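Look through the sequence and the model below before reading on. The paragraphs after them go from the whole chain to single residues.

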Amino acid sequence: MTAPLLACAAQVLFVVAFVLFKSAARSLPTLSARRPLQTTGRVARSPGWVLGLIILLSGFTMADLALLTLPIASALPAYAGSLVVLLVIGAVRFGERLTRREWFAMAIVVAAMATAALSVAGAPGPWTETVERPRLATVPPLWAIALVVVPSLFLPLWMFMLRDRVTTGRHARAITGIAYGIGAGAMLGVAETFGLGMELLYKQGHHNPFTTPHVYLFVLAGLLGIGLLSIGLQRCRLTILVTVLTVTAKAHILVSATLLFGEPWPHDRTMAMLRGGSVLLAGLAVLTFPRHELRRADPPRPTREPAPDPEPARRPTRRTGTYPVMPLAAPTPGPAPEPAPEPPAAEEQRRDGSYVGRRRRDHKTVPTT
């Protein structure tokens, strides 16, 4: 019964670490993946973020210890309990509310975890099965490592460049964090997979993990996943991002461990269909989550009240130190301006050819005849 308790405790530690990451990210300056050194320095100086990292690493260790004797599929229902804790913390601590479509996606997530647990073949109960894996090689086949790592690196790039880019402008809409969840979940799934590989090799007698690629891939994938997670938590909701991350990571480790470590796959057709159906349901749940937040009506702009007139300055006197303020006298009306002189009437020509009036020649006025 120790392995199920470790699995449940690990999921709780994951939720606590994600909450600390979210709280720390809200108080940090803007984090950007384009400036990795600046982003690393900002998060490393945050005590809350460092504490969350320590708790997250402790959760990884406990989860890998539980998976030494527990099948991966049977450990997935432990996430159902942590999902309730996540929803409560998101609503109480951060004021997050789910839409009907998001609740439907959450129901698909629970169905995927339950289906995976039911696919454990030959066990009287999903929590009492003891898995037997074949003996591992010190260095897995390179094609298997590439098949696990390379898609996990290119998937976040494809999501951000083509599917879920942050746009600005009049018609821009806030994203829910699906791309961040998938990218961080894929990388943390790689880290958890190779962390399990280190535990299995240590159990077999390989006490020096630095002679295998597992430790280096664990550190590289873990840092990339945690960095992407921190950036996403600063911009998106905790509940949606962490749910997508967890679903992606658990489906990833289920498939990767089968490929790398010989995780037993059910031989019974019904159980095999349940195992494959759980992976398909996990993918369906991720696709069901909306990519953008719903538009909300803009709040009315506050009207600016006229600022009160400043108090007039007072000049110092001998006794009181200030002169009384005298009201300014209204300006007295001056004399009315004289009307402008009318221009001289234009000269008229008589029938006999003479003119009446005066004519201008070279800016001089001369009498006419």
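What share of the contacts in the chain with a separation of 6 or more comes from residues 24 or more positions apart? The figure is 78%. Keep in mind that the model is predicted.

The secondary structure consists of eleven helices and four strands. The chain has 369 residues, and 40% of them are buried.

Next come the charged side chains. Side chains of opposite charge can pair when their charged atoms come close. How many salt bridges does the chain have? The count is two.

One of these salt bridges joins the side chains of Arg237 and Glu102, with 2.4 Å from N to O.

Another salt bridge is formed by the side chains of Lys250 and Glu192, at 3.4 Å from N to O. Here too distant parts of the chain are linked: Lys250 belongs to helix H10 and Glu192 to helix H8 (residues 178-204), and the two are 58 residues apart. Lys250 and Glu192 are both buried.

Is Arg237 buried or exposed, and on what grounds? Arg237 counts as buried because its relative accessible area is 12%, and buried means under 20%. Besides the polar contact with the side chain of Glu102 at 2.4 Å, the side chain of Arg237 has a polar atom 2.8 Å from the backbone oxygen of Arg97. With neighbours within four places in sequence left aside, the residues in contact with Arg237 include Lys22, Glu96, Leu98, Thr176 and Glu293.

Glu96, one of the residues in that list, sits in the loop between helix H5 (78-93) and helix H6 (100-118). Which side chain of opposite charge is nearest to Glu96? It is that of Lys22, 4.8 Å away. A salt bridge requires the side-chain nitrogen and the carboxyl oxygen to be within 4 Å, and Glu96, although buried, has no salt bridge. The side chain of Glu96 does have a polar atom 2.6 Å from the backbone nitrogen of Leu238. Leaving out neighbours within four places in sequence, Glu96 is in contact with Gly90 and Ala91, and also with Arg237, Leu238 and Thr239.

How many disulfides are counted in the chain? The count is zero. Cys8 counts as partly exposed because its relative accessibility is 34%, while Cys236 counts as buried because its relative accessibility is 4%.

Ile231 is part of helix H9. With a relative accessible area of 6%, Ile231 is buried. Ile231 and Phe21 are 210 residues apart along the chain, and their C-alpha atoms are separated by 9.6 Å. Apart from neighbours within four places in sequence, Ile231 is in contact with Leu31, Ser32, Ala33 and Tyr180.

Phe104 lies in helix H6. Is Phe104 buried or exposed? Its relative accessibility is 52%, so Phe104 counts as exposed; the cut-off for exposed is over 50%. Between the C-alpha atoms of Phe104 and Ala285 there are 8.4 Å, although these residues are 181 residues apart along the chain.

Leu155 is located in helix H7 (residues 142-163). Leu155 is partly exposed, because its relative accessible area is 31%. From C-alpha to C-alpha, Leu155 and Ala179 are 9.1 Å apart in space, and in sequence they are 24 residues apart.

Definitions and conventions: Residues numbered from 1 in each chain as written. Predicted model: local features only at pLDDT ≥ 70, side-chain atom pairs only at ≥ 80, totals over all residues. Heavy atoms only, no water. Buried < 20%, exposed > 50% of the residue type's maximum accessible area, 1.4 Å probe, protein only. Lys, Arg positive; Asp, Glu negative; His and termini not counted. Polar contact = N/O pair within 3.5 Å; in protein donor to acceptor, adjacent residues only side chain to side chain. Contact = heavy atoms within 4.5 Å. Disulfide = S-S within 2.5 Å.
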